[in-house]
Amino acid sequence: MTEHRTPLARVRGLGSAKTGTAHFWHQRLTAVANVPLTIAFVLIVLALLGRNHAAAQQILASPLVAIVMLLFIGSITYHMRIGMQVIIEDYVHEETAKLALIMLNTFFAVAVALASAYAIFKLSFGV
Amino acid sequence: MAGSKAPTRPLSPHMQIYRWPLPMAMSILHRITGAGLYVGTLLMAWWLIATASGPNAYATFGAFINSWIGQLILFGYTWALLHHMLGGIRHLIWDTGHGFSQSEREWLSLATAVGSISLTVLLWVISYLSIGGGQ
């Protein structure tokens with residue numbers, strides 16, 4: 001059977017999808033957070049340049065540096081996951097490939113976030 | 001259409017024959033630097049994991065990042081990070097509904113380009129001076 005109703009007629013009266021602007025908003029929220037966190041990250045990297053392992057370990061394990069690094073890691077990986085999803089949705093139109101890439105995108109962002117956070121925790125709590 | 005005279009009016013040009021206006025170039029660079037930073041997080045993760053793993057892994061990372069290819073990647077990463085940050089601030093200004101006039105668009109785009117390049121050079125000059133020539 002051919003669907004004769006227009007797309008507009010089919011959605012009328014169902015209300016909004018409710019989450020339409022969530023990505024837009026989260027992208028801005030993390031963008032604002034990224035500005036001071038990126039400046040802090042650059043300063044941390046500058047402070048670590050040319051240090052030996054023991055000194056680098058000590059600096060990264062200090063509470064303030066570790067907390068800023070964790071916030072930075074969380075904010076940028078969330079931000080880049082949304083950003084890459086937009087890129088995928090813009091250029092990949094084949095449904096299966098698009099879904100696969102969006103899943104891989106999430107796996108990558110979560111893996112980078114957890115691996116980096118794990119390293120910070122290990123530096124902070126030892127063993 | 002065959003045999004008819006070629007129209008003298010401009011036909012909608014495609015990207016590769018467009019004279020790139022600066023805001024357009026900055027918009028495209030914003031996406032490219034964003035994608036570059038995405039891949040670049042692997043470098044950050046490697047650095048943190050290497051530091052957490054011990055002196056040997058840290059030395060391996062150090063050997064890579066101090067090689068010419070490592071320095072080139074890090075220089076590109078620095079520029080991409082600053083360009084994406086300044087471009088992002090420009091977008092946040094636009095989100096408030098300001099900065100859309102012709103002169104403001106040009107000025108903001110120029111500030112993104114000039115700002116990111118000069119800040120990158122400045123940071124690298126500072127880092128080379130502070131550690132005395134790359135080590």
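A quick word on what you have open. This is a predicted model, where local features need pLDDT of at least 70 and side-chain atom pairs count only at pLDDT 80 or more, while totals for chains, interfaces and linings use all residues. Residues are numbered from 1 along each chain as its sequence is written, and chains are lettered from A and ligands numbered from 1 in the order in which they are written.

Stay on that pair. α1(B) passes α3(B) in a left-handed crossing, meaning the near helix is turned anticlockwise from the far one by less than a right angle (clockwise would be right-handed). To see who touches whom, pick residues including B:Gly36, B:Leu37 and B:Gly40 on α1(B), and B:Tyr77, B:His84 and B:Gly87 among those on α3(B). Contact means C-beta atoms, placed from the backbone, within 7 Å. By class, this contact has eight nonpolar, eight polar and no charged residues. For the classes, Ala, Val, Leu, Ile, Met, Phe, Trp, Tyr, Cys and Pro are nonpolar, Asp, Glu, Lys and Arg are charged, and the others, Gly among them, are polar.

Now show the whole of chain B. You'll find four helices and zero strands, in the order α-α-α-α along the sequence. Of its 135 residues, 23% count as buried, which takes 20 or more other C-beta atoms within 10 Å of a residue's own; 12 or fewer is exposed, and in between is partly exposed (C-beta atoms are placed from the backbone).

Select A:Arg28, A:Ala31, A:Val32, A:Val35 and A:Thr38, then residues of α3(B) including B:Leu81, B:Met85 and B:Asp95.

Widen the view to both chains. How many residues of chain A are in contact with chain B? There are 26, and they meet 26 residues of chain B. On the chain A side, α2 (22–48), α3, α4 and α5 each supply at least two residues. That side divides into 17 nonpolar, seven polar and two charged residues.

Go inside next, to the largest nonpolar core, which has 30 residues. Such a core is a set of buried Ala, Val, Leu, Ile, Met, Phe, Trp, Tyr and Cys residues joined through C-beta atoms within 7 Å. Highlight A:Leu60, A:Met69, A:Met80, A:Ile120 and B:Leu48, which touch the most other members. α1(B) gives the most to this core, with eight residues. Then centre on A:Met69: leaving out residues up to four places away in sequence, A:Met69 touches A:Ile44, A:Leu60 and A:Ile120.

Last stop: A:Leu114, in helix α5 of chain A. Is A:Leu114 buried or partly exposed? With 13 C-beta neighbours inside 10 Å, A:Leu114 counts as partly exposed. Draw a distance to A:Thr77, 37 residues apart along the chain, and the C-alpha atoms are separated by 9.8 Å.

Conventions
Contact = placed C-beta atoms within 7 Å.
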